[in-house]
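Welcome! Have the sequence and the 3D view open side by side, and take your time turning the model around as you read.

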Amino acid sequence: MSVWHSAVDGGSHQRVLTSSKYRGVSAAAAVSALATGLKPCPFCIGETAGIRHSNLIRECRGLPLSQHLCYKDVRWFHKKTSTVLNSKPVCDRWFATRQINPGLYCIGEIHYWEWNRANLWLIKGQKQDLLIDTGLGVASLRQHIASLIDKPLLAIASHVHFDHAGGLHEFDHRAIHPAEAKALRSGDNHAALCSHELGFVLDEHFEQLPYEGFTAMQYTLHRAEPTQLLQEGDVLDLGDRAFEVLHLPGHSPGCIALYDAKNQELFSGDVIYDGELLDQLPGSDIPTYIATYERLQKLPIDTVYPGHYHTFGCDRYQEIMAEYLEARRQPGCPGEVARG
Ligand SMILES: [Zn+2]
Ligand SMILES: [Zn+2]
């Protein structure tokens with residue numbers, strides 16, 4: 001029985017599934033079903049023209065797609081069909097940079113979904129520059145910022161989620177909190193929230209493509225060996241200003257923020273931003289998030305440069321935390337239960 005009718009080899013991309021399970025489903029629909037975790041992989045439930053996988057059938061059945069032994073074949077298939085699956089234009093440029101002040105730039109991935117588009121902060125110091133977060137890693141951020149870099153650069157992932165740590169591998173000096181170093185090192189797509197079964201990386205989130213043939217299905221976290229681990233209390237001295245590392249778990253176990261006590265500026269990653277806060281992701285913990293906010297309430301703040309959305313000041317900073325704590329401390333909420 002042929003699962004995929006017609007043949008990739010023939011160059012036709014207009015294929016229709018013919019197994020009893022998937023009969024009549026278009027290739028695009030089937031692959032998008034796979035991307036959202038609906039299985040089994042069609043390559044594992046029958047013969048497929050041009051793909052040798054028969055000895056893998058039994059092993060693959062029932063596993064998440066990313067763990068399929070035939071996954072390489074699926075990716076190969078995707079390359080072949082990406083013109084059908086993603087007929088959007090390839091962008092002229094993937095990033096845009098705004099200068100906030102003489103020592104600070106904000107870089108954004110302008111063709112990616114704005115609700116999950118991260119703010120990538122480049123801080124220019126006297127002795128050293130810092131890059132806080134690196135985006136999805138689907139285009140070269142290193143090249144994009146090359147003209148702005150004239151000193152040693154430390155690239156930091158505020159945490160391992162794919163919208164922040166995706167491009168970290170490109171940089172020579174790479175830092176993350178120890179709690180997420182292993183996930184970065186091993187390219188842990190689940191911890192980074194970009195495994196296919198989680199369904200957070202979707203084609204519809206890409207208004208234009210970063211490169212020809214890109215599909216959300218191919219997306220994985222680039223593994224990278226951290227060259228430096230950043231822990232609570234570490235100080236990054238840029239010469240003319242210094243940042244203290246704050247370990248602020250809750251959203252994820254290894255969330256860090258950088259705090260400039262002299263200027264009362266906080267580069268907060270996903271710990272605090274002016275939008276829906278995410279505390280029920282894999283790796284999130286509500287009581288821990290509550291404790292983090294109780295700590296942050298005491299921090300003197302002038303400006304927050306967050307991981308998403310717009311910059312805000314002290315009043316909004318306190319308001320966001322007060323609203324969160326009020327909602328999460330209500331009786332019956334997990335935070336309240338956990339606090340006993
Ligand atoms: Zn996150
Ligand atoms: Zn994020």
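This is a predicted model: local features need pLDDT of at least 70, side-chain atom pairs count only at pLDDT 80 or more; totals for chains, interfaces and linings use all residues.

- Strand β10 (residues 256–260) runs antiparallel to β11, and three bridges join the two.
- In that pair of strands, Tyr259 stands opposite Leu266 in β11.
- On the other hand, β11 and strand β12 (residues 303–306) run parallel, joined by four bridges.
- From β11 the chain passes through α7 to reach β12, and this β-α-β crossover is right-handed.
- The hairpin made by β10 and β11 has four residues between its strands, and Gln264 there takes a positive phi near 55°.

**How β11 is enclosed**

- All five of the five residues in strand β11 (residues 265–269) are buried, so this strand is largely enclosed by the rest of the structure.
- Side chains in a regular strand alternate between the two faces of the sheet.
- Both faces of β11 are covered: Glu265, Phe267 and Gly269 are buried on one side, and Leu266 and Ser268 are buried on the other.

- Which residues of α7 are buried? They are Ile286, Tyr289, Ile290, Thr292, Tyr293 and Leu296.
- These residues cover an arc of only 160° around the axis, which puts them on the same side of α7.

**The nonpolar core**

- The largest nonpolar core has 70 residues, and the members that touch the most others are Ile156, Leu184, Ala192 and Ala257.
- Helix α7 (residues 286–296) gives this core its largest share, five residues.
- Leaving aside neighbours within four places in sequence, Ala192 is in contact with Val160, His161, Phe162, Ala165, Ala183 and Leu221.

**A closer look at Val245**

- Val245 has its place in strand β9 (residues 242–247).
- Is Val245 buried or exposed? Val245 is buried, with 20 other C-beta atoms within 10 Å.
- Apart from neighbours within four places in sequence, the contacts of Val245 are Leu230, Gln231, Glu232, Gly233, Asp234, Ile256 and Leu258.
- Val245 and His177 are 68 residues apart in sequence, yet their C-alpha atoms are 9.5 Å apart in space.

**Contacts across the whole protein**

- Take the contacts between residues at least 6 apart in sequence: 63% of these join residues at least 24 apart.

Technical notes. Residues are numbered from 1 along each chain as its sequence is written. Chains are lettered from A and ligands numbered from 1 in the order in which they are written. A nonpolar core is a set of buried Ala, Val, Leu, Ile, Met, Phe, Trp, Tyr and Cys residues joined through C-beta atoms within 7 Å. A residue is buried if 20 or more other C-beta atoms lie within 10 Å of its own, exposed if 12 or fewer, and partly exposed in between; C-beta atoms are placed from the backbone. Two residues are in contact if their C-beta atoms, placed from the backbone, lie within 7 Å. Two strands pair if DSSP finds at least two bridges between them. A crossover is right-handed if, with the strands pointing away from the viewer, the path from the first strand over the helix to the second runs clockwise. The arc is that of the directions from the helix axis to the C-beta atoms.
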